[in-house]
Amino acid sequence: MDFKLSKKEAHNFLLKLQEEYKVFGPKSYKGEGRYSDIDSIRYGEINSFDEVVYEKKSNYSPKEVLLPINHLYAVKIGEQVIRNYEKEDKKKLIILRSCDIHAIERLDKKFSKDDYYNEKRKGVKFIVMECPKAFDTCYCLSVGTNKTDNYSMGIRFLEDGISIKIKDSDFDKFIDDSYSKDNFELAFATENTTKVNVPHMENWDKQTFDKTKDLSLWKEYSKRCIGCGSCNISCPTCTCLTTKEVKSETSDVIEIRRIWNGCQLVKSNSLKKKNLSEIVPTRIRQRVLDKFYMSQVETSNEQDCVGCGRCTDICPRLINFSNTVNRFSLELDKIYEEEGFNN
Ligand code: SF4
Ligand code: SF4
């Protein structure tokens, strides 16, 4: 059933939802953007639908609702390790776009055995936001993430309120008899300006892998990439974590914290052994392969990249990931041709 709610009704609807759920959405954080005086759009708990930034793409993904950037994973007392993740007091509702729902489906597979993630993921439901007009750097259609059926409610933001589509009957009880009925189809992107040729990996083998190692395109990036890792941090499907032990100054307790890490993040200790121009080509190649090949092997034929374009948006050196992938696809097809495959 679909309903149209005025701003006041929408607010009361949210208050009712909050009795059972914490509601998260993309919101603006003043002055926290990549340049001074620029806001950052990322996920946080909302207390009004007016807080939701729906006309711009969020710089960071909803991944941080399920896996905060720096989280307490366990505590160590002497030799004993106790998993000490906070238990969730309420279920969660996340307002997000179709591509980010696809990204969470990938995280679910990767973290299926991770008890911290599974605790955070328990009882999470989605409110899908309409996304009728893709942003310039998105290529959701190339990777099939522009639409989804995996949501409990759909939302359309209006000047004077919201339209809401209820798909999951668990939410019927939050609907007031006085709300006006509506009838609408959720609008998903049907066109992208950016298009990506997903690399053909069916014929991939050790010989192909060796041939791709020395492609000149990887070396070109060493003139640009500074190894800042921003592309990893903004990516909804990057999942590298590092573990850090933090000792308490007043007791024997040691906190074991997990912090986001990334393959593109070049640390100063790596630079003591090799310089950036040696590290970058391997890292960029690894990122492309991880997003388009390893993930297919590990998670039943799905590439990892959901085409959100955030890595391109955020790169301080203007490295465009879709161009990188397209160039790799082209080179790979040439290699297959040499090997006698016809793609
Ligand atoms: S690799 Fe880039 S475009 Fe693909 S999901 Fe990650 S951030 Fe989005
Ligand atoms: S954001 Fe750009 S410069 Fe930074 S590591 Fe990624 S590709 Fe390199």
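Mentor: Domain bounds here come from an automatic or database domain assignment. The protein chain is split into domain 1 (2-67 + 87-182) and domain 2 (206-237 + 262-338).

Trainee: What kind of model is it, and how are things numbered?
Mentor: This is a predicted model: local features need pLDDT of at least 70, side-chain atom pairs count only at pLDDT 80 or more, and totals for chains, interfaces and linings use all residues. Residues are numbered from 1 along each chain as its sequence is written, while chains are lettered from A and ligands numbered from 1 in the order in which they are written.

Trainee: Back to the domains. What separates the centres of domain 1 and domain 2?
Mentor: The centres, taken over C-alpha atoms, are 29 Å apart. Domain 1 puts 20 residues into the contact and domain 2 puts in 17 residues. Two residues are in contact if their C-beta atoms, placed from the backbone, lie within 7 Å.

Trainee: Which elements give two or more residues on the side of domain 1?
Mentor: α3 (98-110) and α5 (140-143). Of the elements there, α3 gives the most, with 8 residues. Helices (H or I, at least four residues) and strands (E, at least two) are DSSP runs, numbered from the N terminus.

Trainee: How does that side divide by class?
Mentor: 9 nonpolar, 6 polar and 5 charged residues. Ala, Val, Leu, Ile, Met, Phe, Trp, Tyr, Cys and Pro count as nonpolar, Asp, Glu, Lys and Arg as charged, and the others, Gly among them, as polar.

Trainee: New topic, the ligands. Which residues come nearest to ligand 1?
Mentor: C235, C305, C308, R310 and C311, out of 13 residues around ligand 1. A residue is near a molecule if its C-beta atom, placed from the backbone, lies within 6 Å of it. The shell around ligand 1 has 7 nonpolar, 4 polar and 2 charged residues.

Trainee: And which are closest to ligand 2?
Mentor: C225, C228, C231, Q264 and C315, with 13 residues surrounding ligand 2. That shell has 8 nonpolar, 4 polar and 1 charged residues.

Trainee: Where is L265?
Mentor: L265 sits in the loop between β12 (253-260) and α9 (268-273). L265 touches G227, G229 and N232, leaving out residues up to four places away in sequence.

Trainee: Why does L265 count as partly exposed?
Mentor: Because 18 other C-beta atoms lie within 10 Å. A residue is buried if 20 or more other C-beta atoms lie within 10 Å of its own, exposed if 12 or fewer, and partly exposed in between, with C-beta atoms placed from the backbone.

Trainee: Strands next. Which side chains of β1 are buried?
Mentor: F3 and L5, which point to one face of β1 (residues 2-6).

Trainee: What does β1 pair with?
Mentor: β1 runs antiparallel to β9 (residues 161-166), joined by 5 bridges. Strands pair if DSSP finds at least two bridges between them. D2 has K165 as its bridge partner in β9. β1 also pairs with β10 (residues 180-182) in the antiparallel sense, over 3 bridges. There, K4 is partnered by S180.

Trainee: What is the order of the open sheet of 4 strands?
Mentor: β5-β4-β12-β11, with antiparallel pairing. β5 (80-83) and β11 (241-247) are the edge strands, each pairing on one side only. β11 and β12 are joined by 7 bridges, and K244 stands opposite R257 in β12.
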